[in-house]
Amino acid sequence: MKPRLLELPLLQNWSCHNCGGCCKKHLIEITEEERLRIDAQGWTVAELPDGLPPYVHLGPASFGKHRLSQREDGACVFLNEAGLCRIHAKFGEAAKPLPCRLYPYVFHPTGKGLIVGLRYSCPSVIRNAGRDLDAQRDDLKHLAQATVADWPDNIPAPRLSDKSPGAWPLVDVLLAAFIEDLGDRTIPLRLRLVRVAAWTELLSTANLTELTVGQLRETCRVVRATVAQLLTDDPAAGGNVAIPPTDRLTRLSFTQLVAYYTREDTVVDQSRGWGGRWKLLRDILVFTFRRGRLPDLSPTWPGILIRDVERNLLPWFTPQADELCTRYLVTKLQSRAFCGPAYYGEPVIEGLWSLLLTIPVTVWLARWHAITRMTSNSANGGRDAGRVEAASSESLRIEQIDLETALARVDHNHGYSPALGLRSVKSRLRSFARREQLTSLLWNVTREPV
Ligand code: SF4
């Protein structure tokens with residue numbers, strides 16, 4: 001295979017801080033070669049916890065697929081008490097299955113080569129903690145080689161929109177405009193979100209592939225400038241941001257979407273049979289009808305009444321929040337992790353809309369997390385969490401830890417949860433955009449108390 005040009009995201013650092021989180025949250029499928037390598041490592045029952053085998057079948061045995069065993073809490077069988085990998089400790093990093101070596105990196109095609117992306121489900125990525133990626137370029141090249149060795153050289157570009165087939169030079173024009181607008185921190189984040197949504201809604205109605213690169217660039221310049229004039233918060237320019245209210249149907253669809261982003265199923269959850277399915281159905285109904293108690297997401301993130309999350313707008317926007325959300329959006333765009341094969345085959349514009357919606361979903365989840373963090377009563381295991389009326393709601397605000405926890409949950413699923421790739425979810429997104437409800441959600445869910 002020819003060596004491929006490897007680009008790096010510009011705003012992101014990362015090093016592993018051995019939190020072991022990735023070894024508890026993901027199901028690791030292994031190839032036949034990796035299965036044989038683990039056999040050859042000679043693991044004994046005494047070395048692994050709970051008498052578990054190193055790996056088990058993934059799906060019916062006739063499929064011939066395997067995954068690493070997991071314990072009750074979802075932890076990989078090779079994760080030791082100190083939070084370290086047994087394979088790594090005994091045989092070195094290169095002896096681990098490829099998904100373990102790769103995480104949190106991903107590689108996506110750019111038309112000229114590859115670009116590195118990162119998963120924000122990793123706390124070190126969220127905090128931008130670790131070494132500059134440029135200093136890790138050699139390691140990344142080796143990983144890329146192992147990951148994409150069998151990819152073809154000419155990977156087709158993603159579609160530009162539902163109406164426009166793809167071409168890499170035109171994808172690059174759109175991407176540059178998205179990044180310039182969303183990365184401009186001199187403009188409030190909410191305004192950036194609605195402006196980009198608004199001008200891409202306009203572009204999505206035309207066949208862009210009929211344009212040359214120069215014509216598309218000029219078209220983008222004109223629609224962006226027009227939308228910036230129409231959607232301005234600058235009183236001197238006589239503007240106000242006139243965004244339609246969010247209708248009831250959209251609110252219901254939005255909380256259903258939030259439900260998809262809350263899932264973090266372990267193998268044990270999946271094997272709970274009818275009891276598990278009944279609980280899942282009950283949880284979905286809470287989100288769908290916006291009534292009742294939300295599910296417990298973790299011991300430190302218990303369920304509370306959904307009405308407490310819906311009714312209590314909390315302050316959330318700080319320079320740190322702005323930095324995190326901007327870095328997230330720009331890194332996902334730069335690394336092409338929002339469209340094409342990386343995002344359920346979605347076109348560039350529709351994939352962008354899904355990415356924009358991760359911000360209101362994150363703020364909604366962060367509000368829930370903040371309420372439980374500030375009001376939980378440890379004396380009864382947190383079951384009184386969320387009794388906002390009983391607490392001093394004035395002192396409540398979304399802190400950075402709430403946003404980080406929520407964004408990690410969102411990015412765990414964005415592009416990875418099969419539910420988010422369902423046709424019904426995709427058509428709901430398009431319905432939001434057609435009815436001016438995309439801008440409405442972006443604007444209204446992220447607002448702060450006045
Ligand atoms: S094999 Fe090691 S690195 Fe991979 S999930 Fe298990 S403990 Fe983590």
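Two strands are taken to pair if DSSP finds at least two bridges between them; strands (E, at least two residues) and helices (H or I, at least four) are DSSP runs numbered from the N terminus. The model is predicted, and local features need pLDDT of at least 70, side-chain atom pairs count only at pLDDT 80 or more, and totals for chains, interfaces and linings use all residues. Residues are numbered from 1 along each chain as its sequence is written.

Under this criterion, β1 and β6 pair in the parallel sense over 3 bridges, and Glu-7 has Ile-115 in β6 as its bridge partner. These strands belong to an open sheet of 3 strands with the order β1-β6-β5 and mixed pairing. β1 (5-7) and β5 (105-109) stand at the edges with a single partner strand each, so one side of each is left without a neighbour in the sheet. Neighbouring strands of this sheet are turned by 30 degrees against each other on average, direction ignored. Helix α6 (residues 137-148) packs on the sheet and touches β1, β5 and β6, a contact being two C-beta atoms, placed from the backbone, within 7 Å. The direction of α6 makes about 65 degrees with that of β5; axes are lines fitted to C-alpha atoms, for helices over the stretch in contact, and angles run from 0 to 180 degrees between N-to-C directions.

A further open sheet of 3 strands has the order β2-β4-β3, with antiparallel pairing. Its edges are β2 (29-30) and β3 (55-57), each with a single partner strand, so one side of each is left without a neighbour in the sheet. β2 pairs with β4 (residues 66-68) over 2 bridges, and the bridge partner of Ile-30 is His-66 in β4.

Helix α14 (residues 319-334) has 16 residues and should span 22 Å at 1.5 Å a residue, which agrees with its end C-alpha atoms being 22 Å apart; the expected span is 1.5 Å times one less than the number of residues. Its buried residues (20 or more other C-beta atoms within 10 Å of their own, C-beta atoms being placed from the backbone) include Ala-321, Leu-324, Cys-325, Tyr-328 and Leu-329. The buried residues of α14 pack against β6 (113-118), α7 (168-182), α8 (189-203), α15 (348-375) and α16 (400-413). Arg-336, which follows α14, has a positive phi near 55 degrees.

The axes of α15 and α18 (residues 437-444) come within 8 Å and cross at roughly 30 degrees. α15 is therefore roughly parallel to α18, the term applying to angles under 35 degrees. Trp-353, Leu-356, Leu-357 and Pro-360 in α15 meet Leu-438, Leu-441 and Leu-442 in α18.

How values were computed: Buried ≥ 20, exposed ≤ 12 C-beta atoms within 10 Å, placed from the backbone. Parallel < 35°, antiparallel > 145°, perpendicular 65-115°, else oblique.
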